[in-house]
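Trainee: Could you walk me through reading some features of this structure? I would like the general idea and then the case here.

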Amino acid sequence: MWYWYIDQETEKRQNRMAKKAMIITGIVFCIFMLSLEALKINHDVTSKYGSWGHYWEHEHIKKERPYLAEEFDAARQAYINNVENASLYEIKDSDHVESVSVEVTSIDSHYDSTTKDRIGYWLNYDRVDVTVKMDASFRELTDKDKCYILIGVEDEINQNLADLYNRSKYYQLYEQYKCPYSENLIYKDLHLQLEHTEWCIFTDGVAEYSIYGDFYEVSKKNGKYTTYRYRERNGEIVKFELYHEGSTNSSSQYTSDTDKKQSEDTKNTNSSGKRDTTGSSSGSYDPYDVHDYDSADKFADDKYEEFYDYEDEYEDEDEAYDAAEDYWNDEY
């Protein structure tokens, strides 16, 4: 009788242990399955959004502004229409401007690649091309006078374009809802980058004129082009000088008169490898005409102001003078 009681207690204990083991096994299995599911969710989120922070930001904006992409598309089209119909320049009696026309080209690119900083992205590229037609009397002006007039016209056009862009709902939506960690707007489940450029071309029917940086270029219909370098100070052009002349070939690449001269000099090289005295002693384009001077100090006396005005790295005129001497020693 005693042994039978002990066997029952042992069996009950074993059953309890078996149940406990089953419960523990079930809990472990559930934890394992939940962990797998969590890993899958984490993989899906980080693969698409880069990080959980990006995901929550995306969900926040999606909840706050569910139709933001549609609003943004409409705002962009409204901005383009405003630019193409705007009066970008007020024609004056003395500016020789006949008419101003504008065209906006929009190109969108889509990239799926995702990183920890970005969930793939769209690129919205908008280019504003402004064509300013000058009157026939403009052709009679000197290039320096033309450059002065075109600087003023382009400044006014660029200011008006900047005002239209900065005040547009297109730009304001982008600034309001772009993500602080990426400086991009979440657009159609991806990040959106904006690129906006403006280009102004002047024409008088015979030539086209453009200004970029400190350069003013005249391109004629026969393929010849001339580039000048200018310096503007207090609303006046204080320096204006020829920088480059050349022509465009059939592949639309520049072939400069300097390159032609270099080719002719190469033909004049004699069998000993020395250049003929009638040829150029330099094999590369020289914007400062270094070979017109027979000493470094004469070159520096005449050119140090150009080095100081046009090159950014010189702190004072003495440093520019030394640099001009070094240039002559290197190039002559």
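Mentor: Gladly. Start with a polar contact of 2.6 Å between the side chains of Asp 204 and Tyr 209. A polar contact is a pair of N or O atoms within 3.5 Å; within protein, one must be able to donate a hydrogen and the other to accept it, and residues adjacent in sequence count only if both atoms are side-chain atoms. This is a predicted model, where local features need pLDDT of at least 70 and side-chain atom pairs count only at pLDDT 80 or more, while totals for chains, interfaces and linings use all residues. Residues are numbered from 1 along each chain as its sequence is written, and side-chain values use heavy atoms, leaving out hydrogens and water.

Trainee: Where does Asp 204 lie?

Mentor: Asp 204 sits in the loop between β4 (190-203) and β5 (207-212); strands are DSSP runs of E, at least two residues, and helices of H or I, at least four, numbered from the N terminus. A polar side-chain atom of Asp 204 also lies 2.9 Å from the backbone nitrogen of Val 206.

Trainee: Which side chain of opposite charge is nearest to Asp 204?

Mentor: That is Arg 139, 4.3 Å away. Lys and Arg count as positive, Asp and Glu as negative, with His and the chain ends not counted. A salt bridge needs a side-chain nitrogen of Lys or Arg within 4 Å of a carboxyl oxygen of Asp or Glu; Asp 204 has none, yet is buried (under 20% relative accessible area, 1.4 Å probe, protein chains only).

Trainee: What percentage of the protein chain is buried?

Mentor: Buried residues make up 33% of its 332 residues.

Methods:
Buried < 20%, exposed > 50% of the residue type's maximum accessible area, 1.4 Å probe, protein only.
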